[in-house]
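Q: I have the model open. Please walk me through how to read its features, one at a time.

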Amino acid sequence: MSWGYITAFWTTVVMNCVQPVNWQACLPVQDWLFPAIGDYIRFKTEEPYASEKRAINGMDAHHSNR
């Protein structure tokens, strides 16, 4: 993991979740942390928007077969 991701996580999540006004949004950790970890892993293994590109290419292939 790079320091940029750690720094961004610290300043965006930790510092905002320390404030009592944000506790209601921060407390259901399973609602945002686990999906964020999945996104991070997916981002590290494939280029951004890869799934969208596959969907578009699949549509193009489907329409060209008609």
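A: Start with L27, which is exposed because its relative accessible area is 65%. Exposed means over 50% relative accessible area, buried means under 20%, and partly exposed is in between (1.4 Å probe, protein chains only). L27 sits in the loop between helix 2 (23-26) and helix 3.

Q: What should I know about the model itself before going on?

A: This is a predicted model: local features need pLDDT of at least 70, side-chain atom pairs count only at pLDDT 80 or more, and totals for chains, interfaces and linings use all residues. Residues are numbered from 1 along each chain as its sequence is written, and side-chain values use heavy atoms, with hydrogens and water left out.

Q: How many helices and strands are there in the protein?

A: Helices (H or I, at least four residues) and strands (E, at least two) are DSSP runs, numbered from the N terminus. Here there are four helices and zero strands. Read from the N terminus, the order is α-α-α-α. Helix 3 covers residues 29-45. Helix 4 covers residues 50-64.

Q: What radius of gyration does the protein have, and what would a compact globule have?

A: The radius of gyration is taken over C-alpha atoms, and the globule rule is 2.2 Å times the number of residues to the power 0.38. For 66 residues, a compact globule would come out near 11 Å, but this protein has 18 Å. Along the principal axes, its C-alpha atoms fill a box of roughly 55 × 25 × 15 Å.

Q: What share of the residues is buried?

A: Buried residues account for 6% of the 66. Accessible areas come from the Shrake-Rupley method with a 1.4 Å probe; for residues, only the protein chains shown count as cover. The accessible surface of the protein totals about 5800 Å². Carbon and sulfur atoms hold 66% of that surface.

Q: Which residues make the nonpolar surface patch?

A: Patches are made of residues with over 30% relative accessible area and no salt bridge: like charges are joined within 9 Å, nonpolar side chains (Val, Leu, Ile, Met, Phe, Trp, Tyr) within 5 Å. In this protein, F34, I37 and I41 form a nonpolar patch of about 310 Å². I37 belongs to helix 3. I37 counts as partly exposed because its relative accessibility is 40%.

Q: How many salt bridges does the structure hold?

A: Side chains of opposite charge can pair when their charged atoms come close. The rule for a salt bridge is a side-chain nitrogen of Lys or Arg within 4 Å of a carboxyl oxygen of Asp or Glu. The structure holds three.

Q: Where do D39 and R42 lie?

A: Both are in helix 3, three residues apart, about one turn of the helix. D39 is partly exposed because its relative accessibility is 42%. R42 is partly exposed at 42% too.

Q: What are the N to O distances in the E46–R54 and E47–K53 bridges?

A: E46 and R54 meet at 3.4 Å. E47 and K53 meet at 2.5 Å. E46 has 24% relative accessibility, so it counts as partly exposed. R54 is partly exposed at 49%. E47 is partly exposed at 47%, and K53 is partly exposed at 41%.

Q: How many positive and negative side chains does the protein have?

A: Lys and Arg count as positive and Asp and Glu as negative; His and the chain ends are not counted. The place of a charge is NZ of Lys, CZ of Arg, CG of Asp or CD of Glu. The protein has 5 positive and 6 negative side chains, and the centres of the two sets lie 5 Å apart.

Q: How far apart in space are K44 and Y5?

A: Their C-alpha atoms are 12 Å apart, although 39 residues separate them in sequence. K44 is in helix 3, and K44 is exposed at 51% relative accessible area. Now take M59 and T12: they are 47 residues apart along the chain, and their C-alpha atoms are separated by 37 Å. M59 lies in helix 4. M59 is partly exposed, since its relative accessible area is 47%.
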